[in-house]
Amino acid sequence: MHPERTESPGTVTPLNEDGAAGRTTISSLVVQKVAGLAAREVGGVHALGGGGVSRAIGALRERIPGSGTVTTAGVAVEVGEKQTAIDLDVVVEYGARIADVARAVRRNVIGAVEQITGLEVIEVNISVNDIHLPGEEEPESTRVE
């Protein structure tokens with residue numbers, strides 16, 4: 001029998017099936033990535049994460065090799081044995097109906113996480129932190145050497 005291993009960052013959750021001849025574990029990082037990708041697929045979502053300053057810091061972190069923040073920025077999860085809860089910080093495109101975008105994000109995230117991980121999503125909390133305006137400048141890509 002192997003002791004439960006954890007991957008950094010995040011916790012590992014066992015998915016124990018009745019009568020299984022082993023154990024499957026899913027890292028919270030996996031749930032974060034799946035939720036982040038599913039949220040970004042929805043029309044009207046400009047980005048995940050906070051407002052302008054947070055996006056600028058995120059753009060800088062993206063350039064740092066091995067930072068791992070690109071796909072999980074703006075996504076926080078709590079993972080239990082069979083369930084997960086997800087918190088998202090979303091930047092919405094100007095003109096999109098926020099309630100409709102939030103509903104679509106919630107539906108897409110729940111579907112993707114449940115289908116891919118097998119965990120039951122008990123809640124998806126969405127915080128809309130900013131609106132992206134047409135013509136608004138994105139943070140300049142700065143090269144880190």
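The model is predicted. The protein contains 3 helices and 6 strands, which follow one another along the sequence in the pattern β-β-α-β-α-β-β-α-β.

**Overall architecture**

- The protein has 145 residues, of which 33% count as buried.
- Where contacts link residues at least 6 apart in sequence, 68% of them join residues at least 24 apart.

**Packing of helices α1 and α3**

- Two packed helices are described by the angle between their axes and the distance between the axes.
- For helix α1, which spans residues 28–40, and α3, the angle is about 140° and the axes are 8 Å apart.
- The arrangement of α1 relative to α3 is therefore oblique, since only angles over 145 degrees count as roughly antiparallel.
- The two helices, α1 and α3, form a right-handed crossing.
- On the α1 side, the residues in contact are V31, V34, A35, A38 and A39.
- On the α3 side, the partners are V105, N108, V109, A112, V113, I116 and T117.
- By residue class, the contact of α1 with α3 comprises 10 nonpolar and 2 polar residues, with no charged ones.

**R106 in helix α3**

- R106 belongs to helix α3, which covers residues 98–117.
- The relative accessibility of R106 is 32%, so this residue counts as partly exposed, the category between the limits of 20% and 50%.
- Apart from neighbours within four places in sequence, R106 is in contact with V124 and I126.
- A distance of 9.5 Å separates the C-alpha atom of R106 from that of L88, a residue 18 positions away along the chain.

**T117 in helix α3**

- T117 also lies in helix α3 and is one of the α3 residues that meet α1.
- With a relative accessible area of 6%, T117 is buried, because the limit for that class is under 20%.
- The T117 side chain comes to 2.5 Å from the backbone oxygen of V113; V113 is likewise listed among the α3 residues that meet α1.
- A polar atom of the T117 side chain also lies 3.1 Å from the backbone nitrogen of L119.

Technical notes. Residues numbered from 1 in each chain as written. Predicted model: local features only at pLDDT ≥ 70, side-chain atom pairs only at ≥ 80, totals over all residues. Heavy atoms only, no water. Helix = DSSP H or I, 4+ residues; strand = E, 2+ residues; numbered from the N terminus. Buried < 20%, exposed > 50% of the residue type's maximum accessible area, 1.4 Å probe, protein only. Contact = heavy atoms within 4.5 Å. Axes fitted to C-alpha atoms, helices over the stretch in contact; angles between N-to-C directions. Parallel < 35°, antiparallel > 145°, perpendicular 65-115°, else oblique. Left-handed = near helix turned anticlockwise from the far one by under 90°. Nonpolar A, V, L, I, M, F, W, Y, C, P; charged D, E, K, R; others polar. Polar contact = N/O pair within 3.5 Å; in protein donor to acceptor, adjacent residues only side chain to side chain.
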